[in-house]
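Please read them alongside the sequence and the coordinates.

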Amino acid sequence: TASRSFPSDITDAESFDRARRLLTTIYDFHKLLGSKTEEGEIYETTLNLIFDSLPCERGVILARDDEESEFQPVQIKVRGREADVGDIAISQTIIDRCLADRVAILSRDAMADSRFGQSNSIMLHDIRSAMCVPMISRDRVLAICFVDTSEATRSFGESDLAFFASLTGEVAILVDNARLRREMIRSEQMAAIGQTITGMAHNIKNILLLSQGGIGLLDTCLEKKNYEAVGKTWELIKRGLDRINSMVHEMLDFARQRPVVRRMGNVNRIIQETVDFVAKDLAEKQIELNVALEPSVPDCLLDDQGFYKAFLNLLVNACEAVPATGGDI
């Protein structure tokens, strides 16, 4: 890439020094931009490098997100002072020509350049010498870089254009890669949200199925006027509803990217509550559930809802895996 940025007939000290500085810029480009993934940082560093190497007075990068949107200024630079939107000095005539032909444009004297006629924007902004290049990757124009100077003694040359086009061409690839990474991350986030919603729906379905069994048991207790058993059964159903409510809040927390809150809890207690919750369904399928809990297990720091969901899923899957009637878990 660097070899395309310089003329092959360097014969004097001044040309050699200029070529050396441009080569140094190419080196700095890879060193500074190799680790950057944000478009704003890439564009800012690019303009700084261009201003360090070329006699630019003003510069602007215009970018767009897709082929349908309009180009908007994303980075502005004016030599010697801070720049703002009011400092944008671009020739729409030159930009239109650059986009139409999809080629880099050099004008040593824009005011006298027959390609642009008597352009009002060139006269208005006092543009003497200008360069404009489309930043293309995968046959798409991602951005446009425009630099100019109002001093006739500091006009750009062919070697400047070759360097300018080469540098911005590599920037276009960097920007395209940054966008691909951003799209990949967004896709992964959407996939994670989809998996979370699917998992939550699966957990809620399991709890509702078990709650239906609990409701059936509650009806039986009411018919027999076994009010002590009613209280215990209702507690199991209520815990299931509380867990569904907790899952919904957990999903909202996930959407807001809140961290999981861990607290002290007892593994045995969670396991026993889950076993009690599924006891009626297991009995109806004539499944024998063997539970052996180590009583000395201490309280520990854990996500009790996450542990409950994981254990409940294992238990429900085991229920579905054993024969239609009978079996041991």
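1. Surroundings of Glu39. Leaving aside neighbours within four places in sequence, Glu39 is in contact (heavy atoms within 4.5 Å) with Val175, Arg179 and Arg182. Glu39 is found in helix α2, residues 39–53, where helices are DSSP runs of H or I with at least four residues, strands are runs of E with at least two, and both are numbered from the N terminus. The side chain of Glu39 makes a polar contact with the side chain of Arg179 at 2.8 Å; such a contact is a pair of N or O atoms within 3.5 Å, for which, within protein, one atom must be able to donate a hydrogen and the other to accept it, and residues adjacent in sequence count only if both atoms are side-chain atoms. Glu39 counts as buried because its relative accessibility is 13%, with buried meaning under 20% relative accessible area, exposed over 50% and partly exposed in between, for a 1.4 Å probe and protein chains only.

2. Basis of the values. This is a predicted model, in which local features need pLDDT of at least 70 and side-chain atom pairs count only at pLDDT 80 or more, while totals for chains, interfaces and linings use all residues. Residues are numbered from 1 along each chain as its sequence is written, and side-chain values use heavy atoms, with hydrogens and water left out.

3. The chain as a whole. The secondary structure comes to 8 helices and 7 strands, and buried residues make up 40% of the 329 residues in the chain. Of the contacts in the chain with a separation of 6 or more, 68% are accounted for by residues 24 or more positions apart.

4. Glu273. This residue has its place in helix α7 and, at 13% relative accessibility, counts as buried. Not counting residues up to four places away in sequence, Glu273 touches Leu236, Arg239 and Arg243.

5. Helices α7 and α8. The axes of α7 (residues 267–284) and α8 (residues 304–321) come within 10 Å and cross at roughly 35°; these axes are lines fitted to C-alpha atoms over the stretch in contact, and angles run from 0 to 180 degrees between N-to-C directions. The crossing is right-handed, meaning that the near helix is turned clockwise from the far one by less than a right angle. On the α7 side the residues in contact include Val267, Ile270 and Phe277, and on the α8 side they include Asp304, Phe307, Tyr308 and Cys319.

6. Ile207 and Ile215. Ile207 and Ile237 are 30 residues apart in sequence and 9.1 Å apart in space, C-alpha to C-alpha; for Ile215 and Ile237 the corresponding values are 22 residues and 7.3 Å. Beyond four places in sequence, the residues that Ile207 touches include Arg243, Phe277, Tyr308 and Leu312.

7. Cysteines. How many disulfides does the rule give? The count comes to 0, a disulfide being a pair of cysteine sulfur atoms within 2.5 Å. The sulfur of Cys132 is 3.7 Å from the closest cysteine sulfur, in Cys98, and is therefore too far away for a bond. Cys132 is buried at 0% relative accessibility, and Cys319 is buried with a relative accessible area of 13%.
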